[in-house]
Amino acid sequence: MNRAVGYYLSEKKIRRLNMEAFTKTCKYNGIELIKLNLSLPLTPQGPFDLVFFKLTDLYGEVHSGSTQALEKLELLQLYLDCHPDTIVVNSIPNTRILQNRYKSYEFIQQLNINHNLWHGPPSYVLIHKREDQQEHIQLLNNADVTYPFVSKSVCAQGPPFSHEMALIFSPQGLADIVDPPCIAQSFVPHNAVMFKLFVIGDDIFIKERPSLANFPAGDFHSIPFNSQHISKAKSVSPLTMSCGLTERPVIDMSLCQLLASSIRYNLGVELFGVDIIVQPITGRHRVIDVNSFPGYDDCPFHDSMLKLLLQYLFVPRQSLTDNSQSLTNTDSLSQLRDASQSKQLCPKCRRGFTQSLQCPRCQEANKSLSFLTECNPNPSKLVLPSNQGVIGDDIIIS
């Protein structure tokens with residue numbers, strides 16, 4: 001019997017990921033992929049064994065005052081409330097953390113990653129309103145934010161303004177920060193290279209992208225820019241010119257594995273991206289953004305997503321641990337498809353309980369299930385899983 005998987009994505013993302021072809025691939029592997037219509041009740045469209053979605057466009061529409069987008073979100077929430085055993089890839093409360101840059105930086109800062117090159121996010125501070133210049137200066141000093149700094153919206157995804165930023169070089173440019181609430185984050189020189197870490201379950205992919213050149217502090221005019229335009233794969237901009245620098249940053253593979261594993265384990269998300277910069281000379285790795293369900297440009301999304309769905313629908317998580325090496329070979333998809341359908345662990349988070357209602361972790365998440373409030377687990381200590389790595393990693397550098 002085929003398993004039913006519902007999904008909701010923007011029309012643009014559906015075309016970008018070629019979901020029509022992916023639907024056919026899923027059907028061949030025993031999965032019926034169903035596009036959710038959030039304008040209608042979801043119960044008649046199901047039942048669904050698993051759902052996945054990207055809701056940032058709807059969040060943006062709600063921010064702009066759309067009651068229709070709000071009704072769609074409420075319909076989805078109602079279905080999940082009424083069907084608590086439906087597996088949710090990228091839990092809603094936790095992806096809301098990634099929607100908020102300040103909370104995502106707090107989360108990343110708490111990760112307990114034991115690696116000599118790990119240095120977390122650059123210094124940052126939350127600016128709530130356009131105060132006078134002296135108050136801004138005091139905020140920046142208290143948080144050790146240095147010039148130049150990048151001013152960016154608290155909102156990480158969804159509305160167009162989430163990618164509009166400004167590079168501020170001195171106190172004279174403080175009037176040019178983006179509209180509050182916003183983040184001021186120290187700009188760290190990184191030789192105009194950024195690494196995008198794309199994660200799809202056990203598989204991680206690292207892509208090199210252009211980034212801002214090594215700008216110094218000084219009495220310069222502020223520079224507004226759009227981060228999406230700057231960091232596209234083939235972007236050419238005066239802001240990314242490296243001015244003859246020959247030293248190319250090198251990304252550390254083991255650190256990427258630890259970082260991806262730690263985010264998955266502590267936040268309970270499977271589809272996310274991390275923007276990483278590497279400081280010259282020291283090689284320190286800094287995280288400057290984390291996104292839920294990114295674009296996956298130039299990544300084998302269909303293969304990795306199918307593997308993730310098969311793992312959740314057909315294979316107990318313990319089995320994956322015991323046979324991690326076999327999951328990376330060419331027979332892995334057929335092995336997953338034909339695997340035992342018994343559920344030994346929690347179907348939501350796969351951590352030790354046969355039903356999500358028995359799982360304290362899922363119970364806590366369900367209490368916070370709301371699209372209109374932001375959930376922050378605020379753990380006292382975030383740790384890595386006991387295996388200190390990711391099971392069945394596929395790391396590709398392009």
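This is a predicted model: local features need pLDDT of at least 70, side-chain atom pairs count only at pLDDT 80 or more; totals for chains, interfaces and linings use all residues.
Welcome! Residues are numbered from 1 along each chain as its sequence is written, and side-chain values use heavy atoms, leaving out hydrogens and water.

Of the 398 residues in the chain, 56% are buried, meaning under 20% relative accessible area with a 1.4 Å probe, protein chains only.

Now select β5, β8, β6, β7 and β11. In that order, these 5 strands form an open sheet with antiparallel pairing; two strands pair if DSSP finds at least two bridges between them. Look to the edges for β5 (124-127) and β11 (223-226), each of which pairs on one side only. Neighbouring strands here are turned by 25° against each other on average, direction ignored (axes are lines fitted to C-alpha atoms, for helices over the stretch in contact, and angles run from 0 to 180 degrees between N-to-C directions).

Zoom in on β6 (residues 149-153) and β7 (residues 164-168), antiparallel strands joined by 4 bridges. Which residue of β7 stands opposite Val150? Select Leu167 and you will find it facing Val150. Phe149, in turn, stands opposite Ile168 of β7.

Stay with β7 and bring in β11: this pair is also linked by 4 bridges in the antiparallel sense. Click Met165 to locate its bridge partner in β11, Phe225. Why is β7 largely enclosed by the rest of the structure? Because 4 of its 5 residues are buried.

Helix α6 (residues 101-110) lies across β5, β6, β7 and β8 (182-186), at about 150° to β5. Helix α7 (residues 133-142) lies across β5, β6 and β8, running at about 145° to β5.

Zoom out to finish. Among contacts in the chain with a separation of 6 or more, 72% come from residues 24 or more positions apart, where contact means heavy atoms within 4.5 Å.

Technical notes
Helices (H or I, at least four residues) and strands (E, at least two) are DSSP runs, numbered from the N terminus. Buried means under 20% relative accessible area, exposed over 50%, partly exposed in between (1.4 Å probe, protein chains only).
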